[in-house]
Amino acid sequence: RVTERDEIKVAQIQIVGNTALSDSYIKERMETREETALSFLTSAGNFSNAGFERDQMRVTQMYYDQGYMQAVVKEPTVLMSPDRTKLYITLRVDEGPRFKVGLLSVSGELLRPREELEALIPFKQGEWFSSTKVREAMEAISELYKNEGYAYANIIPNTQFLEDLKAIDLDFEVRKGPKVKIGRIEVLGNTTTRDKVIRREMRIAEGDDYSSKLIRRSEQLINRLGFFEYAKIEPARSAAPGVMDLLIKVKEK
């Protein structure tokens, strides 16, 4: 026998310990929202355990993007009203010091001059550290290698915290892995559109060096035909070493 009762709403979210980021800045970026007069039209005020766990990671990421690389979101407090209809949430933040970017470098197996690779890093020494920009730098360097045939290139960000200077030295170590060529290209999901109509839009062919740029361009051109609800090119491991197959998956309109 189930008695459902009304859905519990979030009445208040209190943030304690934040000075660098305002309450409004943090709350605007959270999935969990406080109940408002218009909550019956939106999902504001609804509570989800999974969503609230994601919010705690989001708040940590907000601080990492502003240079607070030692920020910690402590165990939250969640209280329920006596009538079991309202939730009162308290998030406690320990911001820690703010860090700037120290020395920047690229090391490892370099395909291009070091200066050219360092130019792909979207921040400079002396700027506030940002974990998002670190990821952007890793993706940019990785993309360069993947366009040269190194599909499994791995970029490792090695950091050194200089507590006295409130700075972080950062070295992007490149491990290029084996060079990869394109093996079989297979089309899946087409029933009325002939294979050759799809294949002629490909900008990469069997036997070519792997290139993520050409694969993305091919996917765009196939979608632009207008015959499909979607078209997606997915890599697939080949039985042969140093070879990657491609699967062109389409769903026709």
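1. Contacts of Asn-190. Leaving out residues up to four places away in sequence, Asn-190 touches Asp-195, Ile-198, Val-250 and Glu-252; contact means heavy atoms within 4.5 Å.

2. Basis of the note. The model is predicted, with local features needing pLDDT of at least 70 and side-chain atom pairs counting only at pLDDT 80 or more, while totals for chains, interfaces and linings use all residues. Residues are numbered from 1 along each chain as its sequence is written, and side-chain values use heavy atoms, without hydrogens or water.

3. Setting of Asn-190. This residue lies in the loop between strand S8 (181–188) and helix H5 (195–199); helices (H or I, at least four residues) and strands (E, at least two) are DSSP runs, numbered from the N terminus. Asn-190 is buried, at 17% relative accessible area (buried means under 20%, with a 1.4 Å probe and protein chains only).

4. Polar partners. The side chains of Asn-190 and Asp-195 form a polar contact of 2.8 Å (a pair of N or O atoms within 3.5 Å; within protein, one must be able to donate a hydrogen and the other to accept it, and residues adjacent in sequence count only if both atoms are side-chain atoms). The Asn-190 side chain also reaches the backbone oxygen of Thr-193 at 2.8 Å.

5. Largest core. The largest nonpolar core has 20 residues, and Val-106, Phe-129, Ile-141, Tyr-145 and Phe-172 have the most contacts inside it. A nonpolar core is a set of buried Ala, Val, Leu, Ile, Met, Phe, Trp, Tyr and Cys residues joined through side-chain atoms within 4.5 Å. Helix H4 supplies the largest share of this core, five residues.

How values were computed:
Buried < 20%, exposed > 50% of the residue type's maximum accessible area, 1.4 Å probe, protein only.
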